[in-house]
Amino acid sequence: MRVIDVRNVSKRFYLQFSRELLAAGLGRSLFRRRRTEEFWALRNVSFHVDRGESVAIVGPNGSGKTTLLSIIGGVTEATEGGVLASGRISALLQLGAGFHPDLTGRENVYINAGVLG
């Protein structure tokens, strides 16, 4: 039985850049240039997790791991695709947020799950 089903999930962000040229000594802008750039953090990610399975999401910095977990946990919405989940999902996305450094990963999960009921 599937407990998490990620189907063709994509997430787009718009990055905004601005540049100002200040008039020397006048303290005001001569011109201001803004541009927006499209950035896809995830493109067409699909997988499923069956009851009893363990899954690791691994990759280098900036590869979209946290974005994917945020979408699965319902913190943010996918631009395209979607996630079907049965049961309750809770995300522990930030190291240090509720993690005890002297415990194993499994022990930290049990403690946080107990706190969440």
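Of the 117 residues of the chain, 17% count as buried, where buried means under 20% relative accessible area, exposed means over 50% and partly exposed lies in between, with a 1.4 Å probe and protein chains only. This is a predicted model, in which local features need pLDDT of at least 70 and side-chain atom pairs count only at pLDDT 80 or more, while totals for chains, interfaces and linings use all residues. Residues are numbered from 1 along each chain as its sequence is written, and side-chain values use heavy atoms, with hydrogens and water left out.

**The whole chain**

Begin with a cartoon view coloured by secondary structure, in which the chain shows two helices and three strands, taken as DSSP runs (H or I of at least four residues for helices, E of at least two for strands) and numbered from the N terminus. Along the sequence these elements follow the pattern β-β-α-β-α. Of the contacts between residues at least 6 apart in sequence, 63% join residues at least 24 apart, a contact being heavy atoms within 4.5 Å.

**The nonpolar core**

Next, select Val3, Ile4, Val6, Val9, Leu42, Val49, Leu68, Ile71 and Ile72, the nine residues that make up the largest nonpolar core; such a core is a set of buried Ala, Val, Leu, Ile, Met, Phe, Trp, Tyr and Cys residues joined through side-chain atoms within 4.5 Å. Two or more of these residues come from each of strand 1 (2-22), strand 2 (29-50) and helix 1 (65-72), and strand 1 gives the most, with four residues.

Stay with isoleucine 72, which, leaving aside neighbours within four places in sequence, is in contact with Ile4, Val6, Phe47, Val83 and Ile89.

**Along strand 1**

Now centre on isoleucine 4, found in strand 1 and buried because its relative accessible area is 17%. Not counting residues up to four places away in sequence, isoleucine 4 touches Phe47, His48, Val49, Ile72, Val83, Leu84, Ala85 and Ile89. A C-alpha to C-alpha distance drawn from isoleucine 4 to leucine 84 comes to 5.8 Å, although the two are 80 residues apart in sequence.

Leucine 15 and threonine 36 are 5.6 Å apart, C-alpha to C-alpha, and 21 residues apart in sequence.

**Charges over rings**

Select lysine 11 with phenylalanine 13, where the charged end of the lysine sits over the ring, 5.3 Å from its centre; the criterion is NZ of Lys or CZ of Arg within 6 Å of the ring centre and within 35 degrees of the ring normal. The charged end of arginine 35 likewise sits over the ring of phenylalanine 17, 4.5 Å from its centre.
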